[in-house]
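Here is a walk through one protein model, from its charged pairs to its sheet and its cores. Keep the structure open as you read.

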Amino acid sequence: MTTKFPALVATKADAEQQSNFQELSFDDLDEGDVTVAIEYSTLNYKDGLAISGAAPIVQRFPLVLGIDFAGKVIASEHSDFDVGDLVVLNGFGASERLNGGYASYARLSGDLLVKLPSEIDSKAAMAIGTAGYTAMLCVLALEDAGVQPDSGPILVTGAAGGVGTVAISVLAKLGYRVEASTGRVSEEGFLKSLGAQTVHARDPLSAAGKPLQREVWAGVVDCVGSHTLANTLAQTCYGGAVAACGLAQGADLPATVMPFILRGVSLLGIDSVQAPIERRKQAWERLATDMDPTTLDALSFALEFEQLPAAAQEILAGTIRGRAIVEIPTA
Ligand code: NDP
């Protein structure tokens, strides 16, 4: 095929990474048994790092950027997919070793794709995004650890971010009492509209605290790491669980083993990038039923494809609110 289509591509010259818009053809795509016409992608913090080259995310050059996408299958030799199916890709090496979502087309192994539930179209999938899918992985992990709506309150830290907002929305719809910790108390009304019953300023949790504190939380979704994660562990009730997915405050964990050995608290690690395909399918099915779709408009905004390089700087500077949905131009 000689069709040309636009893409945002990372290249490297003289050890310097650059990201440029280019015209690609089907010959430039990866090997694979499924070809997807990409309809929407999004902008994650990791995309900001990859586009700007601020961190060595991209491991192969040239490479199409974009860690996630949703779109329609246009060719398939994979038994799980037919032409016309709507599919989503989250991570699995996209924008690292595999061409990613900032192009009109992708060709890849169908083993990496999840068919979208009928309730979720491509645009909604990217409004939810990798952040929302990660939030659902946290919820599933808490459930597996035995945390139920009647167990007690759940704390969500980094509440106004991408993971936090979806976590609040899902947990509230499931009937949990959700409390939010945020550095942006000006977002209290927004967080309450998603289902948070109480909104706490982040400061007390951000500072060094005692190894064991008053037992408050049946479960925690922690997007923040560092002292915040240590304090939430110290405040989790006997037998409760903390799902740790992020490092917005820091990658360190200045905690003791006391919550584990005296209260039987569980620390649950959450990884979205290499999560097994069956877990991904489960997460997307649950997002279809357990997330209030009316909240998606409040959580997301449209970002022009051409604005991606500028928006990458903004997401790194922390000045973007809500999830950016990027409509990918057709060929
Ligand atoms: P966002 O940037 O949208 O949100 C992060 C939130 O963390 C911010 O909105 C802010 O919330 C809070 N925060 C930022 N800086 C600090 C700080 N210094 N101290 C305390 N809180 C802070 O990111 P996402 O929600 O998309 O992702 C959350 C975390 O999860 C990130 O660290 C991300 O890298 C990680 N992640 C991990 C994945 C995995 O597979 N494990 C997948 C996706 C994301 P507020 O304004 O409410 O205080």
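**Charged pairs, sheet and cores**

Glu215 and Arg263 join their side chains in a salt bridge, with N and O 3.7 Å apart. Glu215 sits in the loop between α5 (203-206) and β12 (217-222), and Arg263 sits in helix α7 (residues 258-263), so the bridge ties together parts 48 residues apart in sequence. The model is predicted. Arg263 counts as buried, because its relative accessibility is 12% and the limit for buried is under 20%.

In general, side chains of opposite charge can pair when their charged atoms come close. This structure holds 11 salt bridges. Another one joins the side chains of Arg60 and Asp30, at 3.0 Å from N to O. That pair links distant parts of the chain, 30 residues apart. Arg60 is in the loop between α1 (45-52) and β4 (63-64), while Asp30 is in the loop between β2 (16-24) and β3 (34-42). Arg60 counts as partly exposed, at 33% relative accessibility. Asp30, at 11%, counts as buried.

Arg286 and Asp290 make a local pair. Their closest N and O atoms are 2.4 Å apart in a salt bridge. Both residues lie in helix α8 (residues 277-290), four residues apart, which is about one turn of the helix. Asp290 counts as buried, with 11% relative accessibility. Elsewhere, salt bridges link Lys46, Glu96 and Arg97 in a network.

Now follow the chain past helix α8. Thr295 is in the loop between α8 and α9 (296-299). Thr295 counts as buried, at 8% relative accessibility. A polar atom of the Thr295 side chain lies 2.7 Å from the backbone oxygen of Asp292. Setting aside neighbours within four places in sequence, Thr295 is in contact with Ser169 and Leu194.

Next, the sheet. What is the order of its six strands? They run β11-β10-β9-β12-β13-β14 in an open sheet, with parallel pairing. β11 (198-201) and β14 (266-269) stand at the edges with a single partner strand each, so one side of each has no neighbour in the sheet. From one strand to the next, the twist averages 20°. Look at β12 and β13 (residues 236-244): they pair in the parallel sense over five bridges. Gly219 stands opposite Ala241 in β13. Helix α3 (residues 162-173) lies across β9 (154-157), β10 (178-182) and β12, and runs at about 160° to β9.

Finally, the nonpolar cores. In soluble globular proteins, nonpolar side chains tend to be buried together. The largest nonpolar core here has 57 residues. Ile120, Ile168, Leu191, Trp284 and Leu287 have the most contacts inside it. Helix α2 (residues 122-144) gives the most to this core, with 15 residues. Which residues does Ile168 touch, not counting those up to four places away in sequence? They are Val156, Ala159, Val178, Ala180, Leu191, Leu194, Gly195 and Ala196. A second, separate core has 46 residues, including Leu8, Val64, Leu108 and Ala311.

Notes:
Residues are numbered from 1 along each chain as its sequence is written. This is a predicted model: local features need pLDDT of at least 70, side-chain atom pairs count only at pLDDT 80 or more; totals for chains, interfaces and linings use all residues. Side-chain values use heavy atoms; hydrogens and water are left out. A nonpolar core is a set of buried Ala, Val, Leu, Ile, Met, Phe, Trp, Tyr and Cys residues joined through side-chain atoms within 4.5 Å. Buried means under 20% relative accessible area, exposed over 50%, partly exposed in between (1.4 Å probe, protein chains only). Helices (H or I, at least four residues) and strands (E, at least two) are DSSP runs, numbered from the N terminus. Contact means heavy atoms within 4.5 Å. A salt bridge is a side-chain nitrogen of Lys or Arg within 4 Å of a carboxyl oxygen of Asp or Glu. A polar contact is a pair of N or O atoms within 3.5 Å; within protein, one must be able to donate a hydrogen and the other to accept it, and residues adjacent in sequence count only if both atoms are side-chain atoms. Two strands pair if DSSP finds at least two bridges between them. Axes are lines fitted to C-alpha atoms, for helices over the stretch in contact, and angles run from 0 to 180 degrees between N-to-C directions.
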